[in-house]
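Biologist: Please take me through one part of this model, closely: how its pieces pack against each other. Keep it brisk.

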Amino acid sequence: MDQPSAAIEPVEKRLFCGICEASCGLVATVAGDEVVKLRPDPDHPNSRGFACSKGISFPDVRRDPDRILHPLRRQPDGSFTPVSWQEALDDIGSRLRGVIDGHGRESFGVYGGNPLVWNYAAFLTAFGMAAALGTKHFFSSSSTDVNNYFAVGELLYGHNMSNPVPDLARTDFFLCLGANPVVSHGSMMNVGRVRETMLEITQRDGRVVVVDPRRTETAELFEHVPIYPSGDVWLLAAMLKVILDEGRYDRAALVEMTRGHETLTALVSGVDLERAARETGIAIERIIDLARDFAAAPSAVVYGRCGASLGPFATLTKYLIDVLNIATGNLDRPGGWCFGRPWLPLEKITALLKVNGYDRWRTRVDGIPELLGTSPLISLPREIRTPGKGQLRALLVVSGNPVLASPASGEIESAIQELDLLVSIDPYINDTSRHAHYVLPPTLWLERDGLPIYTQAWAAVPYAQWVPATVPAPGDVRDDWWILDEICKRIGIVPSPAPGAQLLGRLGIRFKPPLVFDLMLRLGPEGDLFGLRRGGLSRRKLMANTGGVKLADGLPTGVRHKAVHHKDHRVHLDHPVIASEMRRLIAGPERDDPEYPLRLFSVRELRSHNSWLQNVPKLMAGDRVQRLLIHPDDAQELGIDDGDEVEIASRHGRITAPARVTDEVMRGSVGLPHGWGHRGGWRRAVAAGGSIYNLLTTNAPAEVDVPTGNAVLNGVAVRVRPVERIQRY
Amino acid sequence: MSYVIAAPCVADYSCVEVCPVDCISPGPDEPGFDNAEQLYINPAECIGCRACVEACPVDAIFAIDRIPDRYARYRKINADYFQAHGRR
């Protein structure tokens with residue numbers, strides 16, 4: 001680690017970025033054990049020479065002085081003392097055995113944060129661990145913003161992970177809802193050079209329409225339709241109604257590809273266009289025009305991401321997105337809504353192991369339907385605090401920070417302190433891990449082998465990539481999967497859902513994740529079948545070309561029969577839960593809360609990733625602060641000047657932030673970046689200040705997305721006022 | 001795709017500070033920093049991450065494919081600076 005880099009001849013290694021879904025190809029300049037430079041890989045099949053400041057700056061996370069390099073045990077006074085792995089793991093094991101002996105395996109839970117999905121080995125092990133425990137207490141950060149996708153994937157296509165993506169390279173009309181790909185670089189789609197790819201749509205005389213409460217970095221490049229936060233569901237329902245009522249749908253496609261399409265007209269029959277206009281802030285004529293233009297385009301695709309997934313009707317919203325694409329004949333065809341080209345048959349294998357599913361059981365306290373074997377985060381505090389069989393008493397947090405990231409985060413923070421045991425696997429003492437009995441330090445993506453497990457099935461330019469560790473790990477850190485497996489060993493389980501795995505484990509046989517994935521790869525659609533398929537892929541072959549292997553020029557089409565998991569290979573459109581959500585939408589009151597008249601939405605920032613990376617000097621340069629974006633007319637009415645400190649209050653909490661008065665946000669709505677207000681041992685992140693967005697949000701089951709328990713972080717009713725006025729009265 | 005610094009630039013240091021690949025010149029340890037009237041982006045080094053656009057207090061930075069006509073000549077002005085001064 002401490003070798004002077006000048007003394008060593010630097011070498012270049014190709015890899016991919018393990019921070020976000022874009023998974024951009026990178027070239028690392030390595031001297032000794034240090035990454036001295038990271039740059040975009042111009043030859044990467046999908047990202048083609050793009051990368052952002054987060055990935056480029058990641059070597060600073062590796063060498064962050066606040067990074068934990070040894071296992072830590074919390075002392076009674078709240079400070080942490082380094083301990084050996086043996087000591088930490090043995091004590092965790094013995095305390096867990098105590099919990100399990102007294103209260104059963106279901107009293108032990110696992111929480112997986114977002115970085116798990118760039119960590120295939122830990123992902124596999126964490127899922128296997130929850131399955132082997134048979135615990136319902138398997139929580140994931142997905143339940144804040146993407147559970148609606150996993151529910152609709154299961155309902156429509158027969159698998160949670162089934163995720164058609166927009167074919168931006170060929171479409172004539174891209175309708176983009178609640179997404180800012182220029183800043184996020186894409187989520188639940190993986191389009192390299194996404195900004196340029198979208199610009200090319202307009203260059204070939206197509207249209208890109210961006211629907212967002214804010215004139216985002218994406219919206220300013222294209223047609224922008226402002227919409228109230230969480231109004232998306234009304235826009236989509238109204239568009240579908242127009243298309244069905246005016247006969248602008250593709251009947252042949254519906255008949256050929258779906259089951260239950262005849263129920264669609266009844267589903268949207270109660271949607272009132274005038275109300276849709278009020279709920280969205282978009283004029284009726286504009287909604288009708290959008291619907292007609294969308295249906296008339298030679299190819300068209302609607303896509304929605306966080307903004308469309310953070311409201312109280314997230315599942316219905318995602319359902320309507322898919323149905324609009326399907327009803328206009330755009331499923332599985334060029335320029336439309338396309339299934340990807342997986343090289344790891346994860347959907348097939350998890351289906352065989354019955355890992356996927358929806359509503360096979362309900363959560364203990366709130367009665368929320370299970371999804372992929374997980375429970376939603378909103379239930380976590382009540383699962384800890386409600387006595388009875390199955391009460392959660394011990395929790396393992398893997399690369400997560402629910403104290404900042406979860407709705408009603410104040411409640412999570414106090415509840416986790418009541419656990420008999422809290423263990424956190426994290427490189428930092430963060431807002432959550434500071435309360436843990438043990439914090440165990442993992443390797444980071446430059447220090448372990450990796451493959452893009454989450455996005456491999458839907459890259460716009462399909463490619464396969466598997467890279468070895470770029471540099472050795474510092475200190476006494478260990479791979480997450482190894483840590484999980486060592487804990488499993490101490491409580492006598494094998495982290496696997498596979499039948500026979502526990503028996504093999506008793507014989508001392510445990511399969512390591514790289515071997516499991518190599519088997520999947522070699523037996524999968526692109527695999528070498530152990531020599532039977534010439535030119536097929538294997539781990540060894542991919543490791544020999546770490547820059548990635550291109551599999552095709554673009555997304556496949558005409559693959560519905562292979563991609564849809566239902567036995568009839570049709571998309572199933574008729575679901576009681578969807579009909580019931582539509583009734584709930586229509587029966588619900590119109591939003592009008594004089595006490596909390598503004599609607600809050602979250603803003604993604606270019607140099608942040610969810611709740612971490614605020615300890616990196618380069619990413620915090622320029623005195624970054626969290627600001628509330630407010631429209632000039634609203635600001636004037638409230639007596640707020642640019643830069644004023646304001647209080648933002650909801651029915652659930654109140655926080656403060658300086659205001660930025662800007663007409664980039666729609667009147668009546670206010671935007672606030674999330675992931676601020678840190679505490680813990682990451683000093684720069686703490687010094688950056690800011691407030692916790694999630695102190696304003698709720699975890700009440702009736703107020704979130706009912707079918708999945710997915711959080712409501714957008715459209716939160718708030719009032720805003722200058723801080724000084726509050727002090728004066 | 002790179003970014004270009006155009007006429008509104010006031011040689012504020014904000015962009016230099018946030019650039020993850022140090023492709024904006026002149027920086028504080030380069031000749032000409034003290035008297036610089038504008039800063040320049042090296043098109044060969046820029047990765048197109050956009051961090052500087054956000055940091056710029058005077059909206060002087062444009063994507064090379066979206067530069068307003070009145071500033072079009074700044075494409076060449078930025079590139080020429082590095083021709084004249086060599087790469088950092």
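**Where the pieces meet**

Modeller: The contact takes 15 residues from chain A and 14 residues from chain B; two residues touch if their C-beta atoms, placed from the backbone, lie within 7 Å. On the chain B side, helix H1 (14-18) and helix H2 (51-55) each supply at least two of the residues that touch chain A. Helices here are DSSP runs of H or I, at least four residues, numbered from the N terminus. By class, that side of chain B has eight nonpolar, four charged and two polar residues. Asp, Glu, Lys and Arg count as charged, Ala, Val, Leu, Ile, Met, Phe, Trp, Tyr, Cys and Pro as nonpolar, and the others, Gly among them, as polar.

This is a predicted model: local features need pLDDT of at least 70, side-chain atom pairs count only at pLDDT 80 or more, and totals for chains, interfaces and linings use all residues. Residues are numbered from 1 along each chain as its sequence is written, while chains are lettered from A and ligands numbered from 1 in the order in which they are written.

H9(A) has 14 residues and reaches 20 Å from first C-alpha to last, close to the 20 Å expected (1.5 Å times one less than the number of residues). Of its 14 residues, 13 are buried, so H9(A) is largely enclosed by the rest of the structure. Buried means 20 or more other C-beta atoms within 10 Å of a residue's own. Just after H9(A), A:Gly247 takes a positive phi of about 65°.

H9(A) has a partner in helix H12 (residues 273-280) of chain A: their axes come within 8 Å and cross at roughly 150°. Axes are lines fitted to C-alpha atoms over the stretch in contact, with angles from 0 to 180 degrees between N-to-C directions. H9(A) is therefore roughly antiparallel to H12(A) (over 145 degrees). The contact joins A:Trp234, A:Leu235, A:Ala237 and A:Ala238 of H9(A) to A:Leu273, A:Ala276, A:Glu279 and A:Thr280 of H12(A). Six of these residues are nonpolar, one is polar and one is charged.

A second pair sits elsewhere in the chain A numbering. Helix H3 (residues 85-103) of chain A packs on helix H20 (residues 480-490) of chain A at about 45°, axes 8 Å apart. That angle makes H3(A) oblique to H20(A). From H3(A), A:Leu89, A:Asp90, A:Ile92 and A:Gly93 meet A:Glu486, A:Ile487 and A:Arg490 of H20(A). This contact divides into three nonpolar, three charged and one polar.

Key. Angles under 35 degrees count as roughly parallel, over 145 as roughly antiparallel, 65 to 115 as roughly perpendicular and the rest as oblique. A residue is buried if 20 or more other C-beta atoms lie within 10 Å of its own, exposed if 12 or fewer, and partly exposed in between; C-beta atoms are placed from the backbone.
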